[in-house]
Amino acid sequence: MERAHKIIVSIDFGTTYTAVAWVDASSPSQIEIISNWPTAGQVVGSQVPTEIAYGYNDRTKFSWGYNINPKLQKIKWFKLSLELEQDVVELPLGLTSADVIRDFLSAICKHVMATLHRRVDKEIMRKATVDFTLTVPAIWSDAARMKTQDAAIKAGMGQNMLPQIYSEPECAAIYALKDLDDIESLRINDCILICDAGGGTVDIITYKILQINPLSIVECTAGTGDYCGSTFVDREFEKFFIRRMGSHYATLSSVHRQQVIKNFEAAKMAFRNEPEQEDFYVNLPTVGDIEEAGVHSGNLHISRAEMRSLFNPVIDRVLDLINVQVNTVSSVNLIVLVGGFGESEYLYQRVLMWAGRAQIRVLQPREAATAIVRGAVLKGLETAGISKTHIVRRARRWYGVTVNETFVEGKHLPEDRCPNIDTGEILARNQVRWFIQKASRKYDS
């Protein structure tokens with residue numbers, strides 16, 4: 001029987017941007033990043049905005065990513081509802097976060113399949129199986145991981161096998177460690193801290209290298225993380241913008257307010273905290289001159305010091321996470337910055353300054369923003385028996401089952417006391433028998 005052709009598609013479903021990569025398992029070194037996104041006129045990149053907009057009168061019709069009519073109300077940051085158990089943004093009447101996530105992922109799935117049919121020979125696609133993988137933050141709960149998988153299935157990604165869910169920093173580690181230019185400088189027992197700074201979350205995990213080729217790593221301790229990604233810089237800007245505009249803020253429509261936040265993206269990405277660049281500008285649609293707000297010819301002026309004030313509260317939280325992890329591990333050799341926020345020059349400068357005092361090297365790998373999705377493809381290839389990476393993980397939580405056991409005075413609470421109706425034995429009800437301890441090692445097998 002002829003062996004089925006396998007194509008691996010990996011999706012880094014991010015809070016602000018989503019990246020997609022794919023590879024034909026018969027050519028595992030030729031990873032492709034999808035960048036032919038539908039657009040309404042914007043310049044597209046290697047990631048697509050995690051945004052969606054619905055028609056005013058028909059909730060079954062929607063546009064997404066770069067292809068959204070600027071007159072429509074955009075919905076963004078909806079990914080966070082998978083973990084936070086609540087709608088984090090205002091949704092159109094009759095829609096839930098699960099509906100929005102399903103619709104966005106279904107649009108991604110359809111575009112991916114259309115791209116594959118254009119890029120891959122028709123006869124190969126007829127015989128091929130397309131396996132999907134998605135990445136999630138390491139700090140997410142098991143429930144959030146299952147909801148992500150369920151959303152992917154409802155979006156049409158479970159045709160051949162269940163979509164696989166991978167940890168974002170783990171994928172970033174696989175890509176970064178296999179792609180390092182100075183891989184020869186790594187040594188057995190070196191500890192590499194991965195700082196996966198995305199739009200919503202920042203994940204911190206440290207790995208010890210057990211073997212370099214084939215790669216074998218072990219988590220030094222349970223990873224940590226927090227909600228302190230680049231969207232929180234946006235929120236600092238939004239508060240700053242409201243203060244600066246004063247009463248003029250009320251004259252802007254909700255669509256124009258959203259556009260201002262979008263326009264801030266260019267200044268945010270350009271910020272390097274260099275003395276040669278003291279001034280930054282954000283375009284305000286439909287606004288002329290507002291002298292008291294620092295707006296001239298429709299452009300809001302922001303000083304370098306003000307830009308620092310927008311970044312610093314967020315970066316301070318990232319540094320706190322790194323500091324806790326380094327103090328826990330105590331022997332970190334290298335910090336690797338990945339993720340969209342991980343490409344920020346100012347974040348790199350702050351981490352470099354902090355790490356210099358501890359004599360720790362800092363690295364921004366090539367394609368830091370797509371390191372996760374590239375690593376997810378490499379990990380997905382392992383299902384095809386290619387380039388197996390051995391990873392020993394640490395349990396994020398305690399796992400156990402509730403049992404009834406013989407009641408012991410002084411050990412069990414009186415209110416847990418109950419008789420066994422068959423034997424008359426006095427039992428302690430609802431006791432927990434732990435079978436996995438937090439931070440204990442979990443092996444691939």
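Before anything else, a definition: I call a residue buried when its relative accessible area is under 20%, exposed when that area is over 50%, and partly exposed in between, using a 1.4 Å probe and protein chains only. What we have here is a predicted model, in which local features need pLDDT of at least 70 and side-chain atom pairs count only at pLDDT 80 or more, while totals for chains, interfaces and linings use all residues. Residues are numbered from 1 along each chain as its sequence is written, and side-chain values use heavy atoms, with hydrogens and water left out.

Let me start with the salt bridges, by which I mean a side-chain nitrogen of Lys or Arg within 4 Å of a carboxyl oxygen of Asp or Glu. Counted that way, there are 20 salt bridges. One of them brings together the side chains of E51 and K74, with an N to O distance of 3.6 Å. Because E51 sits in strand β5 (residues 51–54) and K74 in the loop between β6 (62–64) and β7 (75–76), this pair ties together parts that are 23 residues apart in sequence. Both of these residues, E51 and K74, are buried. For the helix and strand names, helices (H or I, at least four residues) and strands (E, at least two) are DSSP runs, numbered from the N terminus.

A second pair is E170 with K379, whose side chains meet in a salt bridge at 3.4 Å, N to O. Since E170 belongs to helix α5 (residues 168–179) and K379 to helix α10 (residues 371–381), the pair ties together parts that are 209 residues apart in sequence. How buried are the two partners, in relative accessible area and relative accessibility? E170 is buried at 4%, and K379 counts as buried at 8%.

Staying with α6, I turn to its packing against helix α8 (residues 304–329), where the angle is about 145° and the axes are 9 Å apart; axes here are lines fitted to C-alpha atoms, for helices over the stretch in contact, and angles run from 0 to 180 degrees between N-to-C directions. Taking contact as heavy atoms within 4.5 Å, the α6 side includes F232, F237 and F240, and the α8 side includes L310, F311 and V314.

Finally, the strands, which I count as paired if DSSP finds at least two bridges between them. Strand β14 (residues 279–283) has a covered face, made of F280 and V282, and an uncovered one, made of D279, Y281 and N283. β14 pairs with strand β16 (residues 299–303) in the antiparallel sense over five bridges, and Y281 has H301 of β16 as its bridge partner. Three bridges join β21 to the antiparallel strand β22 (residues 426–436), where I426 is the bridge partner of P419.
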